Each structure stands twice: as C-alpha cells, then as structure tokens.
Amino acid sequence: MQIEFKSLKLQNFKSHQDLTVNFGERTVITGDNAKGKSTIPEAITWLLYGTDTLGSKLDPSPITYEADETMVSLLMDIDGTELLLGRELKKGKAKYYINEVPSKATDFNEMLGQYFNKSMFLSLFNPNYFFTLKWTEQREMILQYVSAPSNKEVFKELPEAQAKKLAELLKKHSLDDLEKIHRTNKNKLDKQYIAAQSRTKTLKEQLENNAPKVPLESLQAELSVLTKQRDEIEKVTDVAGDTNSRINIINSKIESLTIQIERGREQHAKVKNTQIEQNCYACGQELTEEAKAEALKSVDANAKAIARNVNPMIKERKALREELATLEYIDVSEQLEKARKLQEQINPIEQEINKYKHFEAMKEQLEEAQQAEKQILVSLNESIFIIDSIKDFRAKEAELQAKKVQDLFETLSINLFEELKNGEIKATFEIEMDGKGYSKLSLSESIRAGLELREVLSQQSNINVPVFVDNAESITKFKEPTGQLIMARVVAEQELKIVGDK
Ligand SMILES: Nc1ncnc2c1ncn2[C@@H]1O[C@H](COP(=O)(O)OP(=O)(O)OP(=O)(O)O)[C@@H](O)[C@H]1O
Ligand SMILES: [Mg+2]
C-alpha cells in the first residue's frame, strides 16, 4: 500500500493561523527556532488520531491569539485514489470530514483502520516513535511480519533422535502441552523411582538375612534316609494294627454270641419242661388222648424252633474261635516309639527345606521389584529426554527466528531472546547499534536507527507511508527512505520556508 501526502492545510493550529503545505517527493522545511517546523507533522498526527507525533493526546488550540475554531485537512493519495480528511475543533468539540462529508468519529476511525493501525502509522511516520513503545509491543510489531520457523526447519537443526521423538509426539500434542505432561510425569516418576529403589534395597537385605545355610542337597539326602526308615517301621505297625484290631473284633463278637446262645438254651430247657394239661381249662372234663397228643406236638415244635435259631450262632462262634486261634497279638509299641523319634528328626529338616521355598519366593519378589525399578527408570529417562528435547527445540527455534529477523537489518542488531541461567529461553527485545543500546545513541545515531527500523517495518508490512525527519540539521547524511521524505531543518535567521520538489 502506497500512501502519499499531497497537501496539508492548517488553520489556527497552535502557532499556525493559516498555513498550506504542498508536499513533493521530498519536502524540506527550514526556518529558525520556534518558527513552527515541528508543529507541521503534529498537525498530521492530530488530524488522524488527535495526538502529537509520539501518540500523546494533544490540544492544538492557539494560546497566543484569538480563534474560534481549529481546522486541519490533509489530501492524500492511497494507491492512486485521493482521500481528503479533515478534523475541526470548535469550542472543545471535534468534527470529522471524509472527502468533505461530515462523518462520525467511529466512521472516521474505522476508515483509517482499514489502512493501518495507529502504532504502525506512527512508527512509520516518526522514526522516534517505535522506541517509545514497551519492549513487548516493539517485539510484537517486528515479529508480526516474520513468520516463526516451521517445525520442519527446526527439526533439521536438532539431533536426529530428538527431532524424531518430537515429530512423533507433536502429532498429538502441542509443545506446551507436551512439556506440561512430561514435567508432571518426571516429578511423579522421580518419587516412584526413589520408592522402587528403597524397595529393592529392603528386599535384597531380607534375602541376604534369610539365606539358608545348609545345602539343599544334603538336607534332601538326610531327609530321604530318615523318611525311608520311618516308612518301613510304619509298614510293620500298619500290618500289626490290622491283626490286632481283627482280634479285638472277633473277641467282642464271640462275647455277644455267647450271651445270645445262653439265652436260647435257657428258653429251650423251659419249653421242654412244660407239663401237658390233663383237663379242659373251661369245663374241667378230662381231655381226650387225642387232644393231649396235640398239645405235646405243639411244645415239641416250639423247642425245635428255638434250637433252629441258636444252632447257627453256635456254628459262627466255633468258626470265630478257630480264626482267633490262628491270630497272634503283636506288640508294636517299640516300633511306634522309634517312628516318633524319627519324625522328631524329620521335622527340623523339613522346616529347613521349607526355608528354601520361602527363599525362592523372596528371590522372585526381588526380581520383580528390580524389573519394576528398571521400567520406572526407562520412562523417567524418556520424560527427561523429551523435556530436554523441548528445551533444545525452543532454543533452536529462537535462534532461527532471531536469524530471520536479524537478516532484515543492516546496521542494527536485534535481540529477541535471552537464555536464562537454567538454560531456558525467554523472550526479550533489545536493539543495538554498534553494540550500543538505543538510549545510549546520539541524536543523529538515534535518527539513523529509527529510519532503518521503520524501513524494515515498511518493507515487511508492505505499507509505504511518508516519513518525517525532524531536526535533520543534526544529521549529515542518512540513507534515503523508500517513499516520501519530509525533513525539518533549523536555519538561523530564516522565516519558515517549505520546499516540496516535484
Ligand atoms: N498552542 C499554541 N498556541 C500558540 N503557539 C504555540 C502553541 N504551542 C506551541 N506554540 C509555539 O509555537 C512555536 C513553534 O513551535 P515549533 O515547535 O513548531 O517550532 P520549531 O520550528 O520546531 O522550533 P525548533 O527549531 O526549536 O524545534 C513555538 O514558539 C511554540 O512555543
Ligand atoms: Mg522543532
């Protein structure tokens, strides 16, 4: 965008009651001190923004003469189209004109905003203005036109392992988020690692304290001898136990059978001795021989039935007595005592062998703990690697961006970043000329610095605005800016003179 000033008209603006300035490609304003040179660019910034050339609010009402109203109008050419802007101040009230049409302040400002913002215009128009901004605003203004280096560009400058890791992670998260994730992770894992280390240490100590002293093979050999002896004794005592319990069973069976047999015999004798009745129990008449024979027959049958019952028992008892005669009671108390003593020897050996099992389990636990410790260390190192890579990425990114910005300047050196003691990169903004900060520069040096800076801004933003170099007598030579140049110079004993060459 190309902006040119054609003409400026001042009425009752500060010391100027009525002044018209016709600008050329180059305009030179000369005159003695206090002739109104610096007032001219102020009229322009007041018209556009109501401020002086440094952006401070300005009341231009004349104080040395009477005037009803102050009026400034500026004819500009913006990319080949003429635009006439006017601002009027009457009894403290401002009025705005766009191409002579009275307009609202908001419309006026909006229209201006289409072309440039205030700080951009002032930076381009007044070479001193940029340096009055806060460093953050200065930095932002320079960087808004210098694109940050792409991730790819930064990766090229990083060691391959870091670049590969970050490229993969940045598919999912932003760099800031990654840093948050892995810083939290690192803190968590630092603690976990300490805990894991102390666990393995404790387990190791426990293992050392519980290491079995007698070799397992000798324990097992001793155990097998003893158990063999014990088992042999038990074989004998088991058989003896079977025989002895059979004898007990037979004895108690014989005892119970004898009781039942005796009882049967008694009943049998009783039945046999029964006397047959001779007379009928009802009528008292003697019974017939037939009837008596009948009664005798029934007694006989009873006796036979009892005998039938008792005889098998006698047979069974006889068989049991015969079996009993073949069995012999075995006394195994001695063997049992031996087995008990063997068992007493076996028990501590088995306990010692169990210690081995416990020891093995503890060993497994230790191995697991060592594995866990190793895994924590792996992810801890991963997070540390990522955090370091992010740090290096930022440093490289800053370096590349700083180089991009620096390449725009010829004599100025621009500092965009500073490295903190911990290696972190922090944004900053410093401009130096020949190793000197702006505040240390002489008047001419500061004008030159300002011109170089506004030239870069103008080129980068592609906005070409006239520049006003005030106090140009103090500078013997400077590089001509692209676009319109307006200069004011003190010339002793001379009235205000404005020459705009065509
Ligand atoms: N509101 C005002 N009304 C009238 N005169 C004013 C007003 N404000 C400032 N002046 C005067 O206007 C005159 C011109 O000032 P200006 O700063 O434009 O001069 P200059 O030519 O730039 O001088 P120098 O060479 O000293 O820089 C000065 O005498 C100043 O005191
Ligand atoms: Mg001046």
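Asn-12 is buried, with a relative accessible area of 15%, where buried means under 20% relative accessible area, exposed over 50% and partly exposed in between, for a 1.4 Å probe and protein chains only. The model is predicted, so that local features need pLDDT of at least 70 and side-chain atom pairs count only at pLDDT 80 or more, whereas totals for chains, interfaces and linings use all residues. Residues are numbered from 1 along each chain as its sequence is written, chains are lettered from A and ligands numbered from 1 in the order in which they are written, and side-chain values use heavy atoms, with hydrogens and water left out.

Asn-12 belongs to strand S1 (residues 3-13); strands (E, at least two residues) and helices (H or I, at least four) are DSSP runs, numbered from the N terminus. When residues up to four places away in sequence are not counted, Asn-12 touches Gln-17, Pro-60, Pro-62, Tyr-65, Ala-67, Glu-69 and Thr-70, contact being defined as heavy atoms within 4.5 Å. One of these partners, Glu-69, is found in strand S4 (residues 69-78) and counts as partly exposed because its relative accessibility is 26%. Leaving aside neighbours within four places in sequence, Glu-69 is in contact with Gln-11, Asn-12, Glu-88, Leu-89 and Lys-90. Glu-69 and Arg-454, by comparison, are 385 residues apart in sequence and 34 Å apart in space, C-alpha to C-alpha.

Oxygen atoms of ligand 1 are approached by polar side-chain atoms at 2.7 Å for Asn-33 and at 2.9 Å for Ser-38, while an N or O atom in the side chain of Thr-39 is 2.5 Å from an oxygen atom of the ligand. A polar contact is a pair of N or O atoms within 3.5 Å; within protein, one must be able to donate a hydrogen and the other to accept it, and residues adjacent in sequence count only if both atoms are side-chain atoms.

Thr-39 is also among the buried residues of helix H1. Helix H1 (residues 39-49) is largely enclosed by the rest of the structure, because 11 of its 11 residues are buried; among them are Ile-40, Pro-41, Trp-46 and Tyr-49. The helix is followed by Gly-50, whose phi is positive, near 75°.

Most residues other than glycine have a negative phi. Asn-99, although not a glycine, has a positive phi of about 50°; Asn-99 lies in the loop between strand S6 (93-98) and strand S7 (101-103) and is partly exposed, with a relative accessible area of 39%. Asn-471, likewise not a glycine, has a positive phi of about 55°, is found in the loop between strand S11 (467-469) and strand S12 (485-490), and is partly exposed at 33% relative accessible area.

The largest pocket has a volume of about 340 Å³ and is lined by 14 residues, of which Glu-410, Thr-411, Arg-448, Glu-452 and Lys-479 lie nearest its centre. On a 1 Å grid over the protein atoms alone, a pocket is an open set of points where a 1.4 Å probe fits, with protein on both sides within 12 Å along at least five of seven lines, and lining residues have an atom within 4 Å of a point. Grid points are joined across faces, edges and corners, and the volume is the space filled by probe spheres set on the points. Helix H11 (residues 443-461) gives the most to this lining, with 6 residues.
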